[in-house]
Amino acid sequence: MSAPNAGDTAWVLVCAGLVLFMTPGLAAFYGGMVRTRNVLAMLQQNMIALGVVSLTWVLVGYTIAFGDDAGSGLFGNLELFGLADLKVPPAPNLHVVDGRITIPTLAFVLFQMMFAVITPALVTGATAGRLRFGGWVLFLAVWSVVVYAPIAHWLWHPGGWLAKFGTQDWAGGLVVHASAGAAVLAVLLVVGRRRDWPHTAAPPNSIPLTIVGAGILWFGWFGFNGGDGLQANGLAAQAVLNTHLAAAAAMLVWLALERVTDGHSTVVGAVSGAVAGLATVTPTAGYVNAASAVAIGALAGLVCHFALKLKYLLRLDDALDVLAVHFVGGMLGTLLLGLFGNRGVNPLGADGLFLGGGGGLLWRQLVGVVSVVAFSFVLTWLIAAGVQALIGLRVPPADQERLDQAQQGADAYHLGGVTSLTAPGAPRRRAAAAPAGEPAVPPGQRVRVVTALLEPDPAANSADLRDALLRAGAISVIVSDAAVATTTPQASLLPRGYWQDQPLAARLRVTVLVGADGVAAVLDELDRMGARRSDTFVQEAERVQS
């Protein structure tokens with residue numbers, strides 16, 4: 001082994017940090033897409049993987065994945081249990097240029113650990129609203145050892161049977177995305193559907209949070225794909241460039257398809273397309289040129305967008321479309337490598353069908369896809385069914401829409417007026433408001449309360465609304481949110497082309513206290529703002545003595 005190279009070591013450590021950052025990025029990406037009362041549960045389901053899988057990886061996962069082959073090509077031996085007697089890491093012969101390892105073993109352990117962490121976390125997007133926390137923790141621990149580590153050995157250890165067969169996977173199209181996608185299929189069979197799915201839609205609680213998460217994922221993916229050559233060189237630059245180009249191409253294709261099919265190009269569609277491109281280019285990033293990466297990204301945007309219908313065909317409640325984006329994307333990219341593979345980019349790769357290499361690589365890629373998917377699906381179903389029988393993996397239906405309170409006794413958002421009140425002893429940040437003037441109507445005199453419902457848009461300017469009513473004779477004005485039953489449900493567009501019929505429409509409830517002689521003027525003003533007389537009420541009232 002050559003002496004460790006400082007530049008290569010620094011690059012791999014930076015890439016490890018980038019991949020670690022992807023796990024909270026995934027948490028934010030998924031967290032913004034779920035219901036308001038399930039946000040904390042989703043964040044925790046992702047973040048807990050950093051704790052659980054990091055330990056299982058050090059204890060036994062690493063030795064199964066990268067320990068000396070046990071002789072069958074299926075898994076490594078247990079000599080490196082707990083990283084005891086740590087040896088030079090085996091060179092994943094599909095990754096390391098010229099077969100030279102130039103980084104310390106621990107840097108390799110750390111880098112690979114982050115892949116092991118984020119892979120099972122992908123499952124949480126499909127199972128949103130249905131996972132019992134304790135069962136999920138147990139599932140993570142077992143799955144990371146029994147499913148992930150052997151698949152990593154198959155493809156990323158020179159003694160792995162798929163590596164010897166010639167199947168290629170640069171950064172995890174099979175090891176990460178296909179294995180997690182197959183796991184999604186199995187887990188969904190165990191935890192079942194959400195209540196009333198597919199007839200009840202789940203609007204996202206915070207699209208901005210999802211966009212921030214997507215940005216973190218895109219940024220982190222530079223380390224995800226850029227570090228797999230384990231060297232800071234031209235191949236790393238090629239992998240990073242390919243990663244970005246594929247994401248960009250997939251984003252644009254997805255947006256174009258949204259425009260044609262749904263009439264709008266949405267920001268959620270943009271990041272969905274980008275993530276699909278990132279997942280699809282992952283197995284190919286270090287084996288193809290830039291033009292091929294653009295083509296791969298464009299195909300990802302096309303295929304993954306139409307794969308959104310897959311869950312309905314399979315009758316599987318994949319809440320956040322993990323199957324369409326990650327499972328289909330990972331398998332698609334793996335097969336596309338059989339077409340676009342280019343030894344001119346990486347001598348350790350192989351030429352694909354389009355580069356004159358014939359169909360051999362495509363066949364080897366297909367064998368890899370079938371083997372990984374079948375293994376992950378069967379083992380995952382056994383693990384999930386065992387956890388469900390032992391301690392439970394699925395939450396009770398009554399808790400599906402209130403996981404934050406059921407599992408953590410807390411809420412992600414505190415937006416109500418009562419919870420926003422200043423606590424005793426807090427510093428005063430602005431001068432106290434001047435005391436209100438004397439009421440326009442003396443105490444004890446009869447007044448009227450006018451209540452009306454307004455469309456939110458015409459009354460968007462609160463100052464105009466207040467001033468107009470005060471000019472009409474209002475004594476006080478109270479505005480609150482309301483919802484009214486509609487005779488014809490209003491179609492509401494949701495991300496990724498989904499929609500729901502909303503039988504309750506949002507309105508503003510305006511309550512006005514006015515003297516008897518000002519009622520007519522207030523009603524006229526409310527009429528001008530779009531209030532319907534059938535939804536407007538006038539009641540007698542008496543001003544309370546102060």
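Helices (H or I, at least four residues) and strands (E, at least two) are DSSP runs, numbered from the N terminus. By that rule, leucine 339 sits in helix α13.

This is a predicted model, in which local features need pLDDT of at least 70, side-chain atom pairs count only at pLDDT 80 or more, and totals for chains, interfaces and linings use all residues. Residues are numbered from 1 along each chain as its sequence is written, and side-chain values use heavy atoms, with hydrogens and water left out.

**The chain as a whole**

The chain has 17 helices and four strands. Of its 546 residues, 52% are buried. Buried means under 20% relative accessible area, exposed means over 50%, and partly exposed lies in between (1.4 Å probe, protein chains only). Contact means heavy atoms within 4.5 Å. Among contacts with a separation of 6 or more, 78% join residues 24 or more positions apart.

Two packed helices are described by the angle between their axes and the distance between the axes. Axes are lines fitted to C-alpha atoms, for helices over the stretch in contact, and angles run from 0 to 180 degrees between N-to-C directions. Angles under 35 degrees count as roughly parallel, over 145 as roughly antiparallel, 65 to 115 as roughly perpendicular and the rest as oblique. A crossing is left-handed if the near helix is turned anticlockwise from the far one by less than a right angle, and right-handed if clockwise.

| Helix pair | Axis distance | Axis angle |
|---|---|---|
| α13 (residues 322-340) and α14 (residues 360-390) | within 7 Å | roughly 155° |
| α5 (residues 133-156) and α14 | 10 Å | about 160° |
| α7 (residues 173-191) and α13 | within 8 Å | roughly 140° |

Start with α13 and α14. Their axes cross at roughly 155°. That makes α13 roughly antiparallel to α14. The crossing of α13 past α14 is right-handed. On the α13 side, the contact includes Phe327, Met331 and Leu339; on the α14 side, it includes Leu361, Leu362 and Val369. By class, this contact has ten nonpolar, three polar and no charged residues. Ala, Val, Leu, Ile, Met, Phe, Trp, Tyr, Cys and Pro count as nonpolar, Asp, Glu, Lys and Arg as charged, and the others, Gly among them, as polar.

Next come α5 and α14. These helices pack at about 160°, and are therefore roughly antiparallel to each other. α5 passes α14 in a right-handed crossing. Residues of α5 in the contact include Phe139, Trp143, Ile151 and Trp154, and those of α14 include Ser371, Phe375 and Leu379. The contact of α5 with α14 has 17 nonpolar, four polar and no charged residues.

**Two residues up close**

Leucine 339 counts as buried because its relative accessibility is 16%. Leaving aside neighbours within four places in sequence, leucine 339 is in contact with Gly352, Leu353, Phe354, Leu355 and Leu362. Glycine 356 is 17 residues away in sequence and 9.3 Å away in space, C-alpha to C-alpha.

Tryptophan 161 lies in helix α6 (residues 161-165). Its relative accessibility is 28%, so tryptophan 161 counts as partly exposed. Not counting residues up to four places away in sequence, tryptophan 161 touches Ser72, Gly73, Leu74, Trp154, Val367 and Ser371. Isoleucine 151 is ten residues from tryptophan 161 in sequence and 9.9 Å from it in space, C-alpha to C-alpha.

**Aromatic rings**

Rings of Phe, Tyr and Trp (its six-membered ring) pair if their centres lie within 6.5 Å; planes under 30 degrees apart count as stacked, over 60 as edge-to-face and the rest as tilted. A search of the whole structure finds 18 aromatic pairs. The rings of phenylalanine 29 and tyrosine 30 have centres 5.9 Å apart and planes at 45°, so this pair is tilted. Phenylalanine 29 is buried at 4% relative accessible area, and tyrosine 30 is buried at 2%.

For tryptophan 57 and phenylalanine 66, the ring centres are 6.3 Å apart and the planes are at 80°, so the pair is edge-to-face. Both tryptophan 57 and phenylalanine 66 are buried. Ring pairs link Trp57, Tyr62, Phe66, Phe108 and Tyr148 into a cluster.
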